2 protein chains.
Amino acid sequence: MSKQAAPLGLVDLSADAPCCPPLARRRVPAETAAALAPAFKALGDPVRLQLMSMIASADGGEICVCDLTPAFDLTGPTISHHLRTLREAGLVDAERRGTWVYYRARPAALRQLAALLTVEPTRG
Amino acid sequence: MSKQAAPLGLVDLSADAPCCPPLARRRVPAETAAALAPAFKALGDPVRLQLMSMIASADGGEICVCDLTPAFDLTGPTISHHLRTLREAGLVDAERRGTWVYYRARPAALRQLAALLTVEPTRG
DNA sequence: GGACTGTCTTGACATCCGTCGAAGCGGAGA
DNA sequence: TCTCCGCTTCGACGGATGTCAAGACAGTCC
């Protein structure tokens, strides 16, 4: 369930989207901004930024929700909500395996965002 | 009025903050997440993402508000509000010169965010 | 000094967002 | 089958956010 590019209003941050010269090199057009802003917004919460980091840096490339939840002073539903936000932003993928649900990062999405923010070494 | 590093609750994204190995390499600690999330949140709006791009890609490194406002179907105060958000996130600097106000990007801040999102070419 | 221009601030309002408790669903084990 | 456990969804609430109209402030030109 992770094959289609942008299911149902999800952001398309798939690897093959040939997206985006650096933001500082040329003006980002409105459509591109509208497509990428949700990803930045998803990272714009401290909890989600930590979740994203825990997922992206996990050994084996994936991590169980049961390892994420106890790292915060928040209820299960709240963590679940944040994970959903990251999922809908196209930053992570989820997979149920038996009792547990595992999350893994989408490196291509992170790479796109990083590329957009890239700045020339020191121009001028 | 643009000399001090992090005045009054602003995010410290100054160049000398030795901040942040990639998010995918090691878990981002809570304080770091709290410090950086506002910058991502500021970029999490399509209008601000475009503004940021227009400012960062401007010839001469700076751009007048009078050139920013007409690019959107929004009122002056609304644009001003978004610019303030970018300023308080430490992403841009403002300077009044005569009648007009000029904005310029803070490359160091963008670099920090880009570095945080950096992913190994293809690990594994 | 006075009028004009450009930008920011204030106040108000509708909407969105983070959070929780309660309930639902799916799988595992007795 | 029945119960327990993990995770998600639903419904609700308070606070934050995006937007605008009106007013305030800074600087220029006559």
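**Reading the fold and its contacts**

A: Chain A has 5 helices and 3 strands, where helices (H or I, at least four residues) and strands (E, at least two) are DSSP runs numbered from the N terminus. Read along the sequence, the pattern of chain A is α-α-β-α-α-β-β-α. This is a predicted model, in which local features need pLDDT of at least 70, side-chain atom pairs count only at pLDDT 80 or more, and totals for chains, interfaces and linings use all residues. Residues are numbered from 1 along each chain as its sequence is written, while chains are lettered from A and ligands numbered from 1 in the order in which they are written.

Q: What share of the 124 residues in chain A is buried?

A: A residue is buried if 20 or more other C-beta atoms lie within 10 Å of its own, exposed if 12 or fewer, and partly exposed in between, with C-beta atoms placed from the backbone. In chain A, buried residues make up 38% of the 124 residues.

Q: Which residues have the most contacts inside the largest nonpolar core?

A: In soluble globular proteins, nonpolar side chains tend to be buried together. A nonpolar core is a set of buried Ala, Val, Leu, Ile, Met, Phe, Trp, Tyr and Cys residues joined through C-beta atoms within 7 Å. Here the largest such core has 67 residues, and those with the most contacts inside it are Ala39(A), Phe40(A), Met52(A), Ala39(B), Phe40(B), Met52(B) and Ile55(B). Helix α1 (residues 30-43) of chain A provides the largest share of this core, 8 residues.

Q: Why is helix α2 of chain B described as largely enclosed?

A: Helix α2 (residues 46-56) of chain B has 11 of its 11 residues buried, so it is largely enclosed by the rest of the structure. Among the buried residues of α2(B) are Arg48(B), Gln50(B) and Ser53(B).

Q: Is Ala30(B) buried or partly exposed?

A: Ala30(B) lies in helix α1 (residues 30-42) of chain B. Ala30(B) counts as partly exposed because it has 14 C-beta neighbours inside 10 Å. Two residues are in contact if their C-beta atoms, placed from the backbone, lie within 7 Å. Not counting residues up to four places away in sequence, Ala30(B) touches Pro46(A) and Gln50(A).

Q: How many residues does the contact take from each chain?

A: The contact takes 33 residues from chain A and 33 residues from chain B. On the side of chain A that touches chain B, the elements giving two or more residues are α1, α2 (46-56) and α5 (107-117) of chain A. The largest share of that side, 8 residues, comes from α1(A). Residues are also sorted by class: Ala, Val, Leu, Ile, Met, Phe, Trp, Tyr, Cys and Pro count as nonpolar, Asp, Glu, Lys and Arg as charged, and the others, Gly among them, as polar. By class, this side of chain A has 22 nonpolar, 5 polar and 6 charged residues.

Q: Which strands does β3(B) pair with?

A: Two strands pair if DSSP finds at least two bridges between them. Strand β1 (residues 62-64) of chain B pairs with β3(B) in the antiparallel sense over 3 bridges, and 6 bridges join strand β2 (residues 92-97) of chain B to β3(B), also antiparallel. Arg104(B) in β3(B) stands opposite Glu62(B) and opposite Asp93(B). The hairpin of β2(B) and β3(B) has 2 residues between the strands, and Gly98(B) in the turn has a positive phi of about 70°.

Q: Which residues are closest to DNA strand C?

A: A residue is near a molecule or strand if its C-beta atom, placed from the backbone, lies within 6 Å of it. DNA strand C is surrounded by 23 residues, the closest being Pro77(A), Thr78(A), Cys66(B), Pro77(B) and Ser80(B). α4(B) gives the most to this surface, with 5 residues.
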